[in-house]
Amino acid sequence: MCSSDLSLLPLGLKGVAVIMTGMGGDGAQGLLQLRKAGWATAGQDEATCAVYGMPRAAKELGAIERVLPLQRIGAWIRQSAGRVEQRMPSGSGPVPSTGG
């Protein structure tokens with residue numbers, strides 16, 4: 001899901017989201033909305049980022065619940081995905097494509 005596409009939130013879906021190295025803060029607001037909706041969120045730590053801009057912005061907003069080095073992000077995703085409860089309202093049909 002890209003930073004500007006939060007169209008799945010009204011469906012009540014839960015998931016795992018990570019913000020990684022990059023400039024700017026465009027993904028920080030999207031990550032914050034996901035965290036507020038109950039998603040598990042993480043951000044890459046400063047030591048392993050080539051550019052700490054986006055993770056810093058997300059951390060400052062309170063969008064990141066776990067700060068991790070790059071080499072631990074994959075394991076965290078696997079672990080967190082196992083705990084995320086995906087709920088779809090009954091009769092809502094298939095999950096729509098986000099196109100991105």
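Predicted model: local features only at pLDDT ≥ 70, side-chain atom pairs only at ≥ 80, totals over all residues.
Colleague: How many helices and strands does the protein have, and in what order do they run?

Modeller: There are 3 helices and 3 strands. From the N terminus on, the order is β-α-β-α-β-α.

Colleague: Back to T41. Is T41 buried or exposed?

Modeller: The idea is a cut-off on relative accessible area: buried is under 20%, exposed is over 50%, and partly exposed is in between, using a 1.4 Å probe and protein chains only. T41 is buried, at 0%. A40, also in β2, is buried too, with 13%. Across the protein, buried residues make up 35% of the 100 residues.

Colleague: What does T41 touch?

Modeller: Contact means heavy atoms within 4.5 Å. Setting aside neighbours within four places in sequence, T41 is in contact with A17, L31, R35, A63, I64, E65, R66 and W76. Its side chain also reaches the backbone oxygen of A63 at 2.7 Å. With residues up to four places away left out, the contacts of A40 include G15, V16, E65 and S80.

Colleague: How far apart are the C-alpha atoms of A40 and E65?

Modeller: They are separated by 7.3 Å, though the two residues are 25 apart along the chain. For the whole protein, take the contacts with a separation of 6 or more: residues 24 or more positions apart account for 72% of them.

Colleague: Now the helices. Which residues of α2 are buried?

Modeller: In α2 (residues 53–61), M54, P55, A57 and A58 are buried. They sit on the same side of α2, because they cover an arc of only 160° around the axis; that arc is taken from the directions from the helix axis to the C-beta atoms. The buried residues pack against β1 (16–19), α1 (26–36) and β2 (40–44). After α2 comes G62, with a positive phi near 85°.

Colleague: And α1? Which of its residues are buried, and what covers them?

Modeller: G27, A28, G30, L31, L32 and L34 are buried in α1. Their cover includes β1, β2 and α2. Just after α1, G38 has a positive phi of about 100°.

Colleague: How do I read a salt bridge, and how many does the rule give?

Modeller: Side chains of opposite charge can pair when their charged atoms come close. The rule asks for a side-chain nitrogen of Lys or Arg within 4 Å of a carboxyl oxygen of Asp or Glu. The count comes to 1 salt bridge. E46 pairs with R56, and the closest N and O atoms are 3.8 Å apart. That links E46, in the loop between β2 and α2, to R56 in helix α2, 10 residues apart.

Colleague: How accessible are E46 and R56?

Modeller: E46 is partly exposed at 47% relative accessibility, and R56 is partly exposed at 38%.

Note on methods:
Residues numbered from 1 in each chain as written. Heavy atoms only, no water. Helix = DSSP H or I, 4+ residues; strand = E, 2+ residues; numbered from the N terminus. Polar contact = N/O pair within 3.5 Å; in protein donor to acceptor, adjacent residues only side chain to side chain.
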